[in-house]
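Work through the exercises below with the sequence and the structure in view. Each task is followed by a solution in steps.

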Amino acid sequence: MRRITKMAGVLLAAWGGMSAAVAQDTPENFLERQLTIVVPYGPGGLTDARGRAFQANMEDIIGVPVVVQNVSGGGALVGINFTYSRPSDGQHVVIASGSDGPHAHSVLSPSGLGWDWEDWTPIGQFARSVLGFVAPEDSEWDSLQEMIDQVKEEPGSITLASLGPGRADDLYMLEFMQATDTLGKWNWVFYSSSGNAQADLLTGDLDVAYIGVSRNDMIDHPNFQVLAQGLKEEEKPADWPFPWPTVESVVGQELDLIGASYATVFAKADTPAERIEYLEHAFEQTANDPDFIKMRDEFGEPALWRDQETAQENLDQMHELLKEYLPLRDEHLE
Amino acid sequence: MYTGIGDALLILLSPMNLSWIALGTLLGLIAGTLPGVSGVSMMALLLPFTFGMEPETSVLMLIGIYAASTYSSSTGGILYNIPGGAAGVPTTMEGYKLSMKGRTGEVLSTDIYASFIGSTIGFVCAVVLTPLFITFATLFGTAERGLFALLALALVGTGALSRADPLRGLLAVGIGLLVGTVGMQPNTGFVRFVEGYPQLWDGFHLVWIIVGLYAIPQIFRLATLEKYFHAVREMDLHYGFGEEFRRFLSLFRRNRGMIIRTGLIGSIVGALPGLGTVASSWLGYQEAYRSSKAKEEFGNGSIEAVAGAETANNAAVPNTIVPLLSLGIPGSAASALILGAFLLAGVQPGPQMMAVNPEKVWTILLGLFFTGVFFVIFGLPFHRVAIYVTKVKPAFLIPAIVAFSAIGTFLATGFEEGIYITLGIGLVAVLLERMYLPVANVLLGAILGPTIEKELLLAYQIGGVGRFMQPGAASLVLIIAAILLWGLYKNLLPSLVEIWSPKSSQRVS
């Protein structure tokens with residue numbers, strides 16, 4: 001009996017110790033009323049769908065309602081400014097992509113901002129949004145290389161669209177053109193949405209568009225063909241479902257900017273560290289939740305989680321590269 | 001083509017789905033009637049409640065809101081001169097004037113029955129002509145879209161809208177075009193006038209313009225013209241279902257050709273990406289004017305105008321979904337939300353959808369038709385009560401309008417500065433009205449101007465002048481040139497002849 005009691009005591013102590021350790025690992029939930037996810041675009045788009053996926057699955061984890069607030073305008077800048085205007089208490093976060101987050105706007109914005117990239121911190125990254133060169137299914141060019149050869153031979157003969165202007169996509173395109181020695185040789189135009197560009201690939205106004213391709217419907221699409229995807233070979237997950245060649249493999253060299261861009265959750269950098277820690281914990285838990293993963297898979301954009309440190313490294317690097325390429329954009333736009 | 005229609009009917013007729021369409025329709029009716037609260041805002045508010053629903057159910061509720069809010073975007077306009085959305089503006093212009101003459105019941109019933117006929121024509125066109133619409137949409141590139149918007153502007157701006165006072169009418173259109181230039185030029189990225197204000201880089205939001213142009217001046221009128229409204233409140237507003245139905249039947253018999261034509265116009269324009277219900281309602285209005293024998297009523301309260309505009313914009317509704325269902329390309333904010341609901345539910349709209357999930361395509365198209373039935377069922381009793389809004393004292397009506405306008409304006413973009421911008425637009429609108437400049441023309445210019453500029457410049461960037469020489473674009477250029485020349489000939493020539501005639505010279509000497 002004494003032995004049993006002793007064993008029970010040891011087990012109890014071990015359980016207590018483990019609980020304490022777990023309690024120490026789990027940051028304290030500071031959210032009392034709600035968490036507001038600011039979506040810097042109107043309802044209905046890709047960024048909105050990402051915010052809504054958290055809204056649908058996060059409440060059980062954090063124990064308070066998740067509100068999606070659409071604050072649109074200025075290519076995501078208004079939503080970012082709005083989040084910046086809120087107190088630094090971790091109750092407002094903003095979702096943006098690699099092209100339009102605070103790391104990009106702090107470089108690309110044509111007007112002065114009341115903040116800098118250092119005033120922000122990523123909480124983590126939860127989706128990989130890959131852009132790619134898309135042509136009509138019946139295009140007279142079967143590969144991106146053929147298009148590159150064509151514009152070299154006959155400048156202005158191919159109309160290329162990208163999302164912009166004023167987004168990081170401008171710089172992706174300039175990097176691509178510089179690498180292929182085709183700067184100024186494409187008939188380059190801007191579109192405000194992938195949907196409009198897709199419509200004009202069908203009308204024949206566009207020959208090729210650099211738009212989002214990381215959705216399952218682009219595989220074997222009856223109207224479109226993806227000529228190349230902007231993803232680094234080494235970043236391709238083993239189960240990556242998209243079979244197209246990478247832009248780097250077509251160009252035959254490594255590119256700095258064209259690569260995977262990640263959807264990121266941002267908060268203000270002066271939010272108390274323990275709150276940032278809790279937010280990272282909560283978003284990570286949600287991103288690894290089976291229902292969230294299922295929802296994201298069905299949306300056609302597989303879920304993932306990259307922690308704060310990795311995200312910070314990725315975005316810092318992106319920020320520096322954008323600054324490096326900015327003079328090229330200004331020169332080109334002039 | 002028609003595979004899956006039986007399954008779709010079974011899905012639709014389940015009590016659960018019928019209830020959700022009914023609820024969506026009811027919410028859409030409310031959203032469209034309130035100033036500034038658009039169908040898109042209501043859809044966005046309800047999106048979280050669709051999580052976990054069957055995909056068909058959530059989409060049915062959303063399309064219920066979408067279709068019903070388009071229909072009811074004119075209800076507020078008829079009742080208190082503030083349209084719920086841009087598609088309701090032509091009806092507001094004519095309907096409110098009729099309402100002030102004590103014909104509220106007649107206008108509301110014309111609105112509802114014409115809308116139902118429009119949604120039925122639109123549904124039939126979507127079912128029968130979808131393959132044709134897809135071909136049509138793929139022929140409509142940048143140049144054609146820009147020129148078509150220019151054609152709509154030329155037709156409406158120089159036609160019915162400016163009939164009473166062409167000079168002021170065109171000046172107001174010009175002011176609207178100027179308003180449309182504010183913000184970032186989408187082809188070049190150059191920010192015009194407002195570089196330091198990112199809130200305005202996307203230009204003035206349509207909800208700000210509508211609320212500013214209509215709600216604010218109306219608040220001033222309500223506050224200052226008490227005697228005028230007192231007269232209206234004394235009127236008998238009897239609303240008999242049978243009596244109003246017979247009155248509409250008589251209108252329909254007299255104008256059935258026009259109503260069917262406007263339905264067809266709405267269906268075709270609705271299927272063109274980017275133009276949608278707003279251009280349809282203006283073109284329906286213009287067609288009603290063109291075929292009317294009582295042109296003098298336009299601008300002073302024309303029941304034919306209400307029938308034409310409402311038939312056209314409701315016919316456009318089912319067809320605005322066609323590019324989404326058939327090509328997977330959302331042509332409007334509302335279609336983007338419906339696309340989002342589909343994707344969240346794991347259903348991928350697009351060319352393969354008719355092959356893989358035909359029942360889902362049919363569920364949506366039939367669902368839109370059912371919404372038409374529901375808005376008649378709900379709309380008639382709603383109108384019976386709603387007509388008494390015209391009898392509400394300004395002391396009660398003004399705070400309600402202010403509150404809903406502020407909420408709607410805030411919901412549109414999510415930032416409070418929008419409310420102040422709307423107030424600014426409203427004060428300018430009051431001044432415009434004092435100068436007898438019609439605000440509907442300003443709105444027309446502000447809506448079509450950015451589309452015309454963006455698409456035409458893009459077309460020029462893509463193919464230079466040669467892009468406008470392609471058959472579709474060239475035909476539109478010729479039509480526009482003919483309209484403008486005819487307008488000049490009709491309006492300017494008689495004046496010039498008079499000035500240069502010998503009699504006139506003698507008078508001068």
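## Exercise 1: a proline in a loop

B:Pro83 lies in the loop between helix H5 (75-80) and helix H6 (89-100) of chain B; helices (H or I, at least four residues) and strands (E, at least two) are DSSP runs, numbered from the N terminus. This is a predicted model, in which local features need pLDDT of at least 70, side-chain atom pairs count only at pLDDT 80 or more, and totals for chains, interfaces and linings use all residues. Residues are numbered from 1 along each chain as its sequence is written, while chains are lettered from A and ligands numbered from 1 in the order in which they are written.

Task: state whether B:Pro83 counts as buried or exposed, and list the residues that B:Pro83 touches.

Solution. 
- Step 1. Take the cut-offs: a residue is buried if 20 or more other C-beta atoms lie within 10 Å of its own, exposed if 12 or fewer, and partly exposed in between, with C-beta atoms placed from the backbone.
- Step 2. B:Pro83 counts as buried because it has 34 C-beta neighbours inside 10 Å.
- Step 3. Two residues are in contact if their C-beta atoms, placed from the backbone, lie within 7 Å.
- Step 4. Leaving out residues up to four places away in sequence, B:Pro83 touches B:Ser73, B:Ser74, B:Gly76, B:Gly77, B:Gly88, B:Val89, B:Thr92, B:Ile210 and B:Tyr214.

## Exercise 2: two loop residues with positive phi

Task: for A:Asp181 and B:Tyr436, find the value of phi, then the place of each residue in its chain.

Solution. 
- Step 1. A:Asp181 is a residue other than glycine with a positive phi, near 60 degrees.
- Step 2. A:Asp181 sits in the loop between H7 and E7 of chain A, and counts as exposed because it has 10 C-beta neighbours inside 10 Å.
- Step 3. For B:Tyr436, also a residue other than glycine, phi is positive and near 60 degrees.
- Step 4. B:Tyr436 belongs to the loop between helix H20 (417-434) and helix H21 (439-463) of chain B; with 10 C-beta neighbours inside 10 Å, B:Tyr436 therefore counts as exposed.

## Exercise 3: a helix pair in chain B

Task: describe how helix H8 (residues 142-158) and helix H13 (residues 276-291) of chain B pack.

Solution. 
- Step 1. Two packed helices are described by the angle between their axes and the distance between the axes.
- Step 2. Here the angle is about 35 degrees and the axes are 10 Å apart. Axes are lines fitted to C-alpha atoms, for helices over the stretch in contact, and angles run from 0 to 180 degrees between N-to-C directions.
- Step 3. H8(B) and H13(B) cross in a left-handed way, that is, the near helix is turned anticlockwise from the far one by less than a right angle.
- Step 4. From H8(B), B:Ala149, B:Ala152, B:Leu155 and B:Val156 meet B:Ala279, B:Trp282, B:Leu283, B:Tyr285 and B:Gln286 of H13(B).
- Step 5. This contact of H8(B) with H13(B) has eight nonpolar residues, one polar and no charged. Ala, Val, Leu, Ile, Met, Phe, Trp, Tyr, Cys and Pro count as nonpolar, Asp, Glu, Lys and Arg as charged, and the others, Gly among them, as polar.

## Exercise 4: the domains of chain A

Solution. 
- Step 1. Chain A is divided into domain 1 (35-128 + 260-328) and domain 2 (131-259), with bounds from an automatic or database domain assignment.
- Step 2. Taken over C-alpha atoms, the centres of domain 1 and domain 2 of chain A are 26 Å apart.
- Step 3. Domain 1 of chain A gives 15 residues to the contact, and domain 2 of chain A gives 18 residues.
- Step 4. On the side of domain 1 that touches domain 2 in chain A, helix H5 (102-108) and helix H12 (308-333) give two or more residues. The largest share, four residues, comes from H12(A).

## Exercise 5: where the chains meet

Task: how many residues of chain A are in contact with chain B, and which element of chain A supplies the largest share?

Solution. 
- Step 1. The contact joins 44 residues of chain A to 45 residues of chain B.
- Step 2. H8(A) supplies the largest share of the chain A side, six residues.
- Step 3. The chain A side divides into 16 nonpolar, 22 polar and six charged residues.
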